[in-house]
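Thanks for coming, everyone. Let me put the model up, and then we'll walk through two parts of it.

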Amino acid sequence: YSMFVKTVIGEKPKPSVVTTRTSLADIQASRGLRRTLQSIPVGVGAIVFAGFFFYLLPRTGPTQLEPSLGAQPRIGLPTALSIGTVGRLLSDPSPVMRVSLRTLGTTQNYQVDEPPYIRARVMDAYGESNRNNWVRHGEWVFSGIHEHRRLRGLEPSSIDRDRNRDLVEVEFDIKQQYAATLFSLPPAFATARPATVPLEYDKFNMVFEELDASRLPRGKSLVYSVGSAAFASGVQLRLTPALLGSGKFHETHNLFKLTSDFRNFNHCNQYRQKLLHDEGVDVLKTYQVAKLFERHFNDGDFTYTLDLRPPVDPDMDPIEDFLINQRRGHCQYFASAMVMMLRQSGIPSRIVVGYKPREFNNLGKYYSVRQNDAHAWVEALMTQRALQGSELERWTKDSENYWVRFDPTPASTDD
């Protein structure tokens, strides 16, 4: 540049002045630049480490953060059922609620032959994604659509139809920490007693809408009553009229969920086909098929246990490994295997979770329900025609379709 100025322009360039004086702004700028340059390799390293750590971690969704009967160290009522976990479940005797049965319109205790099945939730999808959660392999969730409406009272026409059933008022006295979940013994109806909380009921799934904390009344417990037509002469009937035929989207969607045929579970399908063949049961006789499956688990060489072992065949689905190899587990394993076999037989079915208490207080005339009374059973959709000739036929006068309860879990003293 100096040569250019001297030769072309003919002027001497001004001498450049080099000084050691540095302004405060220059110092600050220099330090900022140095810190920025020093932070680049640290930031790049952190990003690389975080990416590697994220790759190693298993992917989890909201459902995996919820407690489930199979993954909990203690038995309790689950929001999802996890199949294939390992370890022993601890029995939790924590009290959940008191349940009293009275003849409707009286204060007289309604006596039953055995403790009732108390309904809380349903599970209809295995290893599928529902609308709000990610679902991992080996997990049951509810992925249908709830259609909650205010629970209605018993209509006169219903009394005529159910004249062979006893009308019972069921009172639930639930501990505050468990009061978000409402329970029923369907068929359910509203009683004349004022409701302490909104009773929003899903007729298809026969469950109440769960409450949030803001809707819970203050106090040590939540007390509410609902009517039930589930009993006759002290026996809880195993069938409930299915209120179908609305043609609404939620009903169609929910029915579709119950017909997933598990076609990719070949081990279970071969086991099912052999069982039907060996017992000589016609697959078109759906009630006889379901009874066979229930009896097979109850009376066969299956064992109820809370001690869950590692899989015999890790490459096999946990339900199939239970059915083919392990043949031991707790209620959710038996219910899962039976639903899988029912759907492969073309029978719509789902898992119901709730409680089956074992302790009755003779002084207070109520059932003491504890956490370790949590239970899972099976519900299958049957037509009136399918129940003809069975012991249930006399109760099939008021509907074309029925939900029929099956409990494939064998009795056990393992607690």
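This is a predicted model: local features need pLDDT of at least 70, side-chain atom pairs count only at pLDDT 80 or more; totals for chains, interfaces and linings use all residues.

Strand β8 covers residues 166-175. Strand β12 covers residues 221-232. The two run antiparallel, and 9 bridges join them.

β8 has another partner. That's strand β3, residues 95-103. Again the pairing is antiparallel, this time over 7 bridges. Look for R98: it stands opposite D173 in β8.

So, how many of the 10 residues of β8 are buried? The count is 7. Buried here means under 20% relative accessible area. With 7 of its 10 residues buried, β8 is therefore largely enclosed by the rest of the structure.

A quick reminder on strands. In a regular strand, side chains alternate between the two faces of the sheet.

Next, empty space. How do we look for that? Roll a probe the size of a water molecule over the atoms, and you see where empty space is left.

Searching the whole structure turns up 1 cavity of 30 Å³ or more. The largest cavity holds about 140 Å³ of space. What lines it? There are 14 lining residues, and R119, P186, T240, E379 and R405 lie nearest the centre. The largest share, 3 residues, comes from β22.

Last point, the classes. The lining of the largest cavity has 8 nonpolar, 2 polar and 4 charged residues.

Notes: Residues are numbered from 1 along each chain as its sequence is written. Side-chain values use heavy atoms; hydrogens and water are left out. Buried means under 20% relative accessible area, exposed over 50%, partly exposed in between (1.4 Å probe, protein chains only). Helices (H or I, at least four residues) and strands (E, at least two) are DSSP runs, numbered from the N terminus. Two strands pair if DSSP finds at least two bridges between them. On a 1 Å grid over the protein atoms alone, a cavity is a set of points where a 1.4 Å probe fits but cannot get out, and a pocket is an open set with protein on both sides within 12 Å along at least five of seven lines; lining residues have an atom within 4 Å of a point. Grid points are joined across faces, edges and corners, and a volume is the space filled by probe spheres set on the points. Ala, Val, Leu, Ile, Met, Phe, Trp, Tyr, Cys and Pro count as nonpolar, Asp, Glu, Lys and Arg as charged, and the others, Gly among them, as polar.
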